Amino acid sequence: MIIQRRRERIDRPIKAVTDDIFCLSSIREISYLVIPRILPIVGILLLAFLVPPYWKKVMVITFIMAMMALSWDFMASCGLTSLGQALFFALGAYSTGAINHYLGLPPYLSIPAGTLVGALLSTGCIFPALRLRGIYFSMVTLIIPLMLMRVIETTGILGGTEGTRGLTPLPGITLTMAVSMAALWASFFCLRRLINSDYGLIFLALKDNDRAVEASGLTILWFKVQAIFIGSAICSFCGAFMTHYYMSVGMSAFALDLSVFPMAASVVGGMGTLAGPLLGAVILGPLSEALRSFGSFRIVIYAALLGAFVAALPEGLFHYLARKYQQIERWVEAPSGISED
Amino acid sequence: MAYLKIENLTKTFGGVVAVNKVSFSVGQGTLLGIIGPNGSGKTTTVNLITGFLRPDSGKVIFKDRDITGLRASKITNLGIGRTFQMVKPFYRLPAFKNLVVPLFSPRVKKMGGHFGEKDSLALDILEDIGFERDSSVPYKPASILPHGYLKRLEMARVIALQSDLIVFDELYSGLTLAEVASISPMIEKLIAEGKTIIMVEHRLKELFKIAHKVMVLDQGTKIAEGSPRDIMKQPSVKKAYLGVEL
């Protein structure tokens with residue numbers, strides 16, 4: 001009797017009914033699912049703690065920017081495409097700066113307080129625009145940070161163009177990096193948990209069809225406010241953290257880079273997945289640092305790479321890798337007489 | 001006392017009078033059909049009743065309560081459910097998860113009666129309207145479902161909301177005769193359960209089989225109202241539909 005062999009996808013025996021329901025029966029099948037989830041966590045841990053001290057600073061900034069990207073991706077999957085993440089960052093940064101400078105609170109109090117105040121102020125700033133949809137909403141989010149920046153420049157409040165300096169520094173680089181990484185993982189897993197819960201479905205539904213959400217008896221404005229608050233709280237934490245990290249806060253907190261980077265990371269990594277923007281940020285952050293030796297020409301290289309990437313892989317890296325992983329095949333024995341189905 | 005009473009409802013868009021002083025009423029447990037040529041203001045009327053548009057003047061009174069100009073979500077929670085002419089599912093979500101969203105509404109919470117996990121509840125509702133539970137259809141994302149299923153999904157939403165008054169906006173459009181034949185009994189069942197229904201429809205033959213009363217709109221104005229048997233015999237209706245007196 002001839003034993004025929006045919007190729008079969010590894011996930012074939014463990015996929016039932018839908019893409020999301022699995023029946024696990026062996027270590028091999030468990031590891032098929034677990035390894036891609038554990039690997040990035042271990043990889044980033046090793047990367048962060050093994051690199052030389054200078055690169056640890058780069059990693060801190062990368063983690064913070066990855067959080068900004070996560071926040072952008074979450075808001076985008078709620079249908080709130082923001083072109084002004086810098087607004088949330090700056091409001092968190094200025095709140096923390098003011099709390100530390102005027103009230104004298106230490107970082108472990110001023111960062112949480114600044115995050116909360118920043119998120120509340122951000123939600124208040126964006127609230128009037130929440131009735132707008134699509135590109136009109138995006139335009140308003142682009143305008144507000146530019147406007148606030150000029151307000152600070154003209155009135156000179158909170159240090160004006162000079163900014164506020166001499167804030168309390170964060171302790172040691174290793175601890176700083178550990179905190180930023182912990183914050184990154186916390187926001188990543190919390191957002192994932194939220195999106196996958198039944199309550200989180202309402203946020204996704206907002207993007208798909210906000211009129212149908214309204215026809216389901218839910219007030220879309222209230223859910224948009226919640227989405228903005230969650231998204232801006234993450235960005236405000238980034239701002240609060242970086243304020244103490246740099247020991248100063250100034251108008252650079254409104255920089256356009258802070259709005260552009262999260263979008264670039266999401267596009268490279270793959271939108272709407274949360275893991276994608278994280279991956280994108282971990283690639284783009286160190287890359288832009290590595291190109292530093294090219295001086296200002298690095299922007300050209302960076303932009304060209306980004307353009308090439310988007311043209312070649314418009315779906316994003318994460319979607320591509322996930323698809324390829326699911327397509328891995330192995331040879332299995334097929335008794336003769338039974339054809340491939 | 002009428003269950004739903006509309007008085008002199010008017011809406012203009014720029015210079016166009018979309019709905020012009022329309023008044024009608026619907027009794028509890030009856031089915032009112034609204035028909036009329038394209039652009040006669042049928043969908044605008046639906047939007048005005050359900051709060052998706054604010055009327056310029058006129059009143060909407062539901063269960064003796066003035067609900068004119070309230071928010072759409074508020075009106076939904078008071079018991080008026082609607083479907084959309086252009087289906088509006090949540091494309092990224094599996095079909096049964098589409099129903100989890102209305103199950104979160106304050107109305108469902110207040111009504112009680114829906115106990116148990118939202119997922120299994122959603123599957124129950126879907127099974128009742130023709131998504132076979134044992135097949136993979138209810139688990140598929142709405143984006144890949146055929147049109148007939150999406151229309152049923154629209155219906156499922158108002159059933160999940162336990163609406164007292166249901167407004168179907170061109171439920172039958174784009175459906176095959178077989179699909180219409182399977183949905184009509186569900187509507188009759190809803191009426192038997194005491195629900196009140198307004199159907200905006202172009203498929204007159206199918207509508208007339210189940211409607212108790214029919215109203216005809218033409219260019220925003222109500223031109224006729226009567227039983228489905230003799231509404232088409234009225235000269236004004238013939239003129240609106242065919243353009244000439246026959």
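**A walk through chains A and B**

Leaving aside residues up to four places away in sequence, F89(A) touches M68(A), C235(A), C238(A), G239(A), A253(A) and L258(A); two residues are in contact if their C-beta atoms, placed from the backbone, lie within 7 Å. This is a predicted model, in which local features need pLDDT of at least 70 and side-chain atom pairs count only at pLDDT 80 or more, while totals for chains, interfaces and linings use all residues. Residues are numbered from 1 along each chain as its sequence is written, and chains are lettered from A and ligands numbered from 1 in the order in which they are written.

F89(A) also belongs to the largest nonpolar core, where A66(A), M68(A), F89(A) and C238(A) have the most contacts inside the core. That core has 148 residues. A nonpolar core is a set of buried Ala, Val, Leu, Ile, Met, Phe, Trp, Tyr and Cys residues joined through C-beta atoms within 7 Å. A residue is buried if 20 or more other C-beta atoms lie within 10 Å of its own, with C-beta atoms placed from the backbone. Of the 341 residues in chain A, 41% are buried.

Chain A has 13 helices and two strands; helices (H or I, at least four residues) and strands (E, at least two) are DSSP runs, numbered from the N terminus. Its C-alpha trace spans about 90 × 55 × 40 Å along the principal axes.

Two of the helices, α2(A) (residues 53–77) and α11(A) (residues 275–290), pack at an angle of about 140 degrees, their axes 8 Å apart. Axes are lines fitted to C-alpha atoms, for helices over the stretch in contact, and angles run from 0 to 180 degrees between N-to-C directions. A66(A) is among the residues of α2(A) that meet α11(A), and the α11(A) side includes G280(A), A281(A) and G285(A).

Chain B holds an open sheet of four strands, ordered β2-β1-β4-β5 with antiparallel pairing. Strands pair if DSSP finds at least two bridges between them. The edge strands, each pairing on one side only, are β2(B) (16–26) and β5(B) (65–66). Seven bridges join β1(B) (residues 4–13) to β2(B), and T12(B) has V17(B) as its bridge partner in β2(B).

Where the chains meet, 25 residues of chain B are in contact with 18 residues of chain A. Among the elements of chain B on this side, α2(B) gives the most, with four residues.

Conventions:
Buried ≥ 20, exposed ≤ 12 C-beta atoms within 10 Å, placed from the backbone.
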